[in-house]
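Notebook open, model loaded. I wanted to go through this one piece by piece and jot down what I looked up.

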Amino acid sequence: MHKGYAIELANVVKRFGEVAAVDHVTLQIHDGEFFSLLGPSGCGKTTTLRMIAGFEYPSGGELMIHGRPMATVPPHHRPVNTVFQSYALFPHMTVAQNVAFGLKMKRVPRAELGARVQAALDMVRLAGFAERYPRQMSGGQQQRVALARALVNQPEVLLLDEPLGALDQKLRKEMQLELKSLQHRVGITFIFVTHDQEEALTMSDRIAVMNQGKVLQVGTPTEIYERPTCKFVADFIGETNFIEGKVVEQSDEYATIQTPDGLQLRGYTPRPVNLGEAATLSLRPEKARLVLPSHARPDDAFTMPVHVEMITYIGSDTRITVRLNEGRTLDVWEQNTLSTLDRNAYWQPGEAAVLVCPPANALVLTE
Amino acid sequence: MALSSFEREQQRREQRRLMALLAPGMFWLLVFFLLPLLVILVYSFLTNGPRGNLVWQPTLQNYVDLFTQASYVNAYVRSLWISVLTTLFALLLGYPLALFIVKQPPRARLVLLILVLIPFWTNFLVRIYAWQIILANNGLINTTLGTLGLPTLFLLNTEGATLLGLVYGELPFMVLPIYAALDRFDFTLMEAGADLGASKWRAFWHIMLPMTMPGVAAGAVLVFIPTVGQFVVSELLGGAKVDYIGNLIQRLFLRSNPPNWPLGSAMSTVMMVVLLGFILLYFRSTTEEDR
């Protein structure tokens, strides 16, 4: 196996009774990477993290940390530290004692210990809080104590289990950026578990999207969002419109599907498709445009005559629901680039329009 | 901040309601608990008559006897010592048992908790007699040993038997408070400990034990205090060979001829003062935890 990986999972399986919580997961996580495990609850992301931490042993497969087999090494002998979802701070210890715990367990000399605890608290901007107890601190502060307590041990890999889940929206955004910049400064590999796709996109170098114990796709945020390789990923990350059909034409990396109503729609194929195969066109609402019927040009990849049905103004965007002649509705988002109070400058309900989309903006996916 | 007249009226009503709720219990404790205690305290300063009758002549002689006669002092020391041992063994057996129960799935927990409590459905005295049957020279253990061709053991009427009976009787009182503390304990903290490099044993020592200390302390108090004054177990299983403070008090009140209530009262008073000291220590430690 490759020595350059911080974490390597090869066909890792974890069964609880009959259920495979993690089903043949293979992952390579680079040194210094901010790597996210993203998926809905019960997808196996937390179990995967817990196996890396050592709280669960795999039922099968190989797990390596910097090339060393780890599958059955107990957690207290692993070079990783965890930030728990509930923080799991020791309530009977002060902040300083919490942070010092890992060093104490490793019998770090007292003089060095004090300095390292102080440095860790400085790093998370809690220098003045050393003598407080966790219960005297806010959720965001406890979160930072948990970070300091883990990072003070200089782990090879830091594991974060939905650490921002309990914070309110504003604090969450702040902590996202803070975590990201912290990771840059310390240069440690972060493995971040989350069910929040926006959070994963914001923070990660790479993301593994999981569902039902399997890794569906691994890629950069851009790849995951712009080139999802399956319907689940397209649906789970961001918003999208799905249109079902059959592949009627296929060339290079593009394919055309035909809907039951005879509409022909062309899009990019992240994975090869076969003629005649059932396929789905995924069209993100911000990637399509609405134009007046007279403005449609034949060189657009596809055009769909539609009627504007509902218009929702949300500040930065206007979200327009349009109805196809056959009855199905699609969402299209337009950025409000014009600053005007005159809503007549925009679409009106009932208006006829044409939805246009260049082929690179739509994806043809099979499952 | 100044309270409005409405708020003050509300407070007064609230106080009256609390007093009404408190009154019956207060009355009960006053008449049936505090008053007898006062009687004992008064008796302890009186003189015993030649036929065991009370002579209303104040004296400190009872207390002087108590602290100067070796047999009395020894009884105190012995009682405290066997109570320490009982508490220790109950803790060493009770903590793992409570931990084992907490770790079970909910249904099994309930069953195990009921099993811990089942002995309470039978009278304590009966259960101690049962131990006699088990430990006796021709009892269960020795008959079994005999049929196996092994040498028999002298078990009943030893201090070991007393200790066994005490630990047996007091174990539930240790298990239950520790169970309650462990039930509230967040076991994620043990994972956090392991994650930070603590072996199972060190995580227990630095995290689980300190956090469940209130349960341990409560259990220790519940076991220690009744054990200091007990007389039944040492009488029935220990063969009344050595005197514990409870045996002495019982004898002075009920068995000696003539009885000596003043001395018995003095012994009770001293025992209560000692125990009160332990309880204060306990409260001190728990309130410090809460701070």
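**Entry 1: where the chains meet.** I began with the interface and counted 14 residues of chain B in contact with 16 residues of chain A, contact being C-beta atoms, placed from the backbone, within 7 Å of each other. On the chain B side, α8 (188–195) and α9 (200–211) each supply at least two residues. The top contributor there is α8(B), with six residues. I sorted the chain B residues that touch chain A by type and got eight nonpolar, three polar and three charged. For that sorting, Ala, Val, Leu, Ile, Met, Phe, Trp, Tyr, Cys and Pro are nonpolar, Asp, Glu, Lys and Arg are charged, and the others, Gly among them, are polar. Helices (H or I, at least four residues) and strands (E, at least two) are DSSP runs, numbered from the N terminus.

**Entry 2: ground rules.** I noted that this is a predicted model, where local features need pLDDT of at least 70 and side-chain atom pairs count only at pLDDT 80 or more, while totals for chains, interfaces and linings use all residues. Residues are numbered from 1 along each chain as its sequence is written, and chains are lettered from A and ligands numbered from 1 in the order in which they are written.

**Entry 3: chain B against the record.** The unreviewed entry puts "domain: ABC transmembrane type-1" at residues 76–282 of chain B. I checked that stretch in the model: 77% helix, 0% strand, with the end C-alpha atoms 20 Å apart. UniProt (unreviewed entry) also lists "transmembrane region" spans in chain B, including 21–46 and 80–102. In the model, residues 21–46 of chain B are 88% helix and 0% strand, and the end C-alpha atoms lie 38 Å apart. Residues 80–102 of chain B come out at 100% helix and 0% strand, with 31 Å between the end C-alpha atoms.

**Entry 4: one helix of chain B.** I picked α10 (residues 213–229) of chain B, which has 17 residues and reaches 25 Å from first to last C-alpha, close to the 24 Å expected at 1.5 Å a residue. The expected span is 1.5 Å times one less than the number of residues. Among the buried residues of α10(B) I listed B:G215, B:V216, B:G219, B:V223 and B:F224. Buried takes 20 or more other C-beta atoms within 10 Å of a residue's own, exposed 12 or fewer, and partly exposed is in between, with C-beta atoms placed from the backbone.

**Entry 5: chain A overall.** I counted eight helices and 20 strands in chain A. Its C-alpha trace spans about 80 × 50 × 35 Å along the principal axes. Of its 367 residues, 40% count as buried. Among contacts in chain A with a separation of 6 or more, 64% come from residues 24 or more positions apart.

**Entry 6: a sheet in chain A.** I traced an open six-strand sheet with mixed pairing, in the order β6-β7-β8-β3-β9-β10 (chain A); strands pair if DSSP finds at least two bridges between them. Its edge strands are β6 and β10 (214–219) of chain A, each pairing on one side only. Neighbouring strands are turned by 20° on average, direction ignored.

Which way does β6(A) run against β7 (residues 157–161) of chain A, parallel or antiparallel? The two run parallel and share four bridges, with A:N81 partnering A:L158. Strand β6 (residues 80–83) of chain A is covered on both faces, with A:V80 and A:T82 buried on one side and A:N81 and A:V83 on the other. At the β10(A) end, five bridges tie β9 (residues 206–211) of chain A to β10(A) in antiparallel fashion, and A:I207 stands opposite A:G219. I also found helix α4 (residues 139–151) of chain A lying across β6 and β7 of chain A, at about 175° to β6(A). Axes here are lines fitted to C-alpha atoms, for helices over the stretch in contact, and angles run from 0 to 180 degrees between N-to-C directions.

Entry 7: Most residues other than glycine have a negative phi, and most peptide bonds are trans. I flagged a cis peptide bond between B:N257 and B:P258, with omega about 0°. B:P258 sits in the loop between α12 (245–255) and α13 (261–290) of chain B. Then A:N11, in strand β1 (residues 5–16) of chain A, has phi near 50°. A:N11 counts as exposed because it has 12 C-beta neighbours inside 10 Å. A:R107 has phi near 55° and is in the loop between α2 (95–105) and α3 (110–123) of chain A. With 9 C-beta neighbours inside 10 Å, A:R107 counts as exposed.

Notes:
Two residues are in contact if their C-beta atoms, placed from the backbone, lie within 7 Å. UniProt positions are given in the numbering used here, feature names are shortened, and annotations may be inferred rather than shown by experiment.
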